[in-house]
Amino acid sequence: MATAASRSFTLTIGQRRLGAKLIGAVLSLAFVLVFNFFLFRVLPGDPAKNLTRNRLVPAEQVQVLRASFGLDKPLPQQFATYVCDTLSGDLGISYKFRRPVSEVIAERIWPTVLLLGLSTLLSTAIGLWVGIRGAWQRGSVFDRLSLGASLALYAMPEFWLGILLLIAFGVGVGSFPGMFPTGGMSSPDTDMTSWAGVVDVARHLFLPCLTLTLAYIAEYALVMRSSLLDELGEEYLTTARAKGLRDALVLRRHAVPNALLPTTTLIFLNLGFVVSGAITIETVYSWPGLGLLSYEALRTPDYPLLEGVFLLFSAAVILANVLADLLYAYLDPRVRAG
Amino acid sequence: MTQPTVEQPVEALPPSLPPQLSPRAIARARRRQAAGRAWREYRRSWEGMIGLGILVVFVAVAVFVPLFIPASELDVTKATGTPFSPPSAEFPLGTDESGRSVLALTLWGARVSLLVGFLATVISVGIGSVVGIVAGHFGRWTDSALMRVTDWFLVIPFLPLAIVLATVLGPSLANIAFVIGITSWPGTARIVRAQALAVTSRPYIERARALGAGDWHLISRHILPNVVPLIFANTVLIVAVAILSETTLAFLGLGDPLRVSWGSMLDAAFTHGAASIGAWWYLVPPGVCILLVVLAFTMVGQALEAVLNPRLRGR
């Protein structure tokens, strides 16, 4: 029974934990800023020189350009300007699009959220189911097949899988015609707000979503399987069985909830890995999200845009890590208590 | 460790040993014995043996391919075939966008893919081991500072970081290996640190310290030998990750433009529209090679881990 006093006590511990986690996350973000600043301003040399490379530009004009970048100022001052600009949402002007980076990024966020969100949901659901079934019937045909498939999926580059699926279902093989569009997010002349528009986006979404789901299933299935196998050796399951519970109930009420714990946090911690998949798969299917944007930026190369996308990806993953910690603390009573 | 010891391993040391043997010779004999035991245990895992077999084949191909296929076959200006022609007697795996043999490209591609994989692994394991041992052995603020950095590298998404670094440094074989190495070491550092911490807290370390052993002696004589088996199994798994990473970076166009690797083949195939004209013969071979090699490294790594990691033994 949690009395009012003990509840407020756990709250303070929870707050202290939260505080420590938040400070850690802020430090990580600050580190990203410093890293970004030095990497892009110090390493590739002078941006003014990069912009005027292979062109005959008078020295005075280079000086003006340098001044417009603030490069004639001392390094600490440049850094302060950079931090202030970034915090106020000014990420510079993209070389490629000739528009503010924040604007370009903002219009590319939602396609990525849609694609990653849907494929994460699907792969989690299927992966957990496969992992639970495999562990529960360890050594069965299902277990061995799913284990083999998971290892193979894990070992192949996800964009290669994407290209193969693209050929098979988008382009068509021999007399077998392609059923799905090969790229983009919608056909040029459909009204996005109508029902036909929704169907059209769904058809475009199908192949990239399938590829990412397949690519992510493997890890969730493997982790769920091994985490459930760990639980299956525990004595409380013998107790549950001795009480006379049926096997299905032992699994559902006792083993799975405990085994879900490490897997749930993994879903959040995995966001870094998910983001990597998005970059290559969006490239393969020319899905107009942040992944394709990073590809366009690195091919140009468009340093301000690349920097902005990196900052956003890092911030998202750091935030997901904080959420994972909070979720773990909420789900695991041992951590919750202190 | 992967080589069978030819001579019979010494089973019982002390009684049969002549008294003039130095401690070093005893230690060496004991290590050889342990290696023999590990190998005998490893041999029992069929996954490990299959993986090892696949790897031997690929390494042999990578080393000996110049003897059978001259480098001139990779020269775009000397290509003899018609672009994008399907498999035929002359070109068993068809041709690429400029009429080169896909078979020759795939076999040559093994060299760069494996080389970058190994180079990146050396860098990654080197940094990870040093950071892990130093953090675990010295503890206190050294540990917290190093682990702070490690956590940062763990939390930052790998591919965006690698892309940013590779774009800034420019595409070359050494840079790609460096980028993969510098982004993949934190896992090793964590594993090594945990083991180093466990070893450092054992009584014999305290005893050695009481006898006047310095940090260098403790690390090289006591901690390192205990950490090496773990590092070894982990290394094999890292090669798999490094090869996959090289493929991904090369596919995004960040690979060495002057050399053929499996990733750069996929990049060229994709950007020249092999997917839209259905040129599967250009896309399938490099992908299958990556799949086989990564799978083989994973199988070998897991088999080694089962043998060398005491925590997994008996599972």
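User: Which class does Ser286(A) fall into, buried, exposed or partly exposed?

Analyst: This is a predicted model, in which local features need pLDDT of at least 70 and side-chain atom pairs count only at pLDDT 80 or more, whereas totals for chains, interfaces and linings use all residues. Residues are numbered from 1 along each chain as its sequence is written, while chains are lettered from A and ligands numbered from 1 in the order in which they are written. A residue is buried if 20 or more other C-beta atoms, placed from the backbone, lie within 10 Å of its own, exposed if 12 or fewer, and partly exposed in between. Ser286(A) has 15 other C-beta atoms within 10 Å, and therefore its class is partly exposed.

User: Where is Ser286(A) found, and what is its phi?

Analyst: Helices (DSSP runs of H or I, at least four residues) and strands (runs of E, at least two) are numbered from the N terminus, and Ser286(A) is in the loop between H11 and H12 of chain A. Its position is just after H11(A). Although Ser286(A) is not a glycine, its phi is positive, at about 40°.

User: How many of the residues of H11(A) are buried, and how far apart are its end C-alpha atoms?

Analyst: H11(A) is mostly covered, with 13 of its 14 residues buried. The expected span of a helix is 1.5 Å times one less than its number of residues, which for H11(A) gives 20 Å, in agreement with the model because its end C-alpha atoms are 20 Å apart.

User: Is Gly162(A) buried or exposed, and which residues does it touch?

Analyst: Gly162(A) is found in helix H7 (residues 158-171) of chain A, and it counts as buried because it has 27 C-beta neighbours inside 10 Å. Two residues are in contact if their C-beta atoms, placed from the backbone, lie within 7 Å. Leaving aside residues up to four places away in sequence, the contacts of Gly162(A) are Thr211(A), Ile281(A), Val284(A) and Tyr285(A).

User: How far apart in space are Gly162(A) and Trp129(A)?

Analyst: In sequence, Gly162(A) and Trp129(A) are separated by 33 residues. Their separation in space, taken from C-alpha to C-alpha, is 23 Å.

User: Which helix gives the most to the side of chain A that touches chain B?

Analyst: The contact between the chains involves 38 residues of chain A and 31 residues of chain B. Several elements of chain A each supply at least two residues to this side, among them helix H1 (4-41), helix H6 (141-155) and H7. With 8 residues, the helix that gives the most is H13(A).

User: How many charged residues does that side of chain A have?

Analyst: Ala, Val, Leu, Ile, Met, Phe, Trp, Tyr, Cys and Pro count as nonpolar, Asp, Glu, Lys and Arg as charged, and the others, Gly among them, as polar. On the side of chain A that touches chain B there are 29 nonpolar and 8 polar residues, and the number of charged residues is 1.

User: At what angle do the axes of H9(A) and H10(A) cross?

Analyst: Tyr236(A), Leu237(A), Ala240(A) and Arg241(A) of H9(A) meet Val250(A), His254(A) and Ala255(A) of H10(A). Axes are lines fitted to C-alpha atoms, for helices over the stretch in contact, and angles run from 0 to 180 degrees between N-to-C directions. The axes of H9(A) (residues 235-242) and H10(A) (residues 247-269) come within 10 Å, and they cross at roughly 145°.

User: What percentage of the residues in chain B is buried?

Analyst: Chain B has 11 helices and 0 strands, and its C-alpha trace spans about 75 × 50 × 35 Å along the principal axes. Helix H8 (residues 203-210) of chain B is hardly covered, as the count of buried residues among its 8 residues is 0. In chain A, with 338 residues, the buried share is 35%, and in chain B, with 315 residues, the buried share is 42%.
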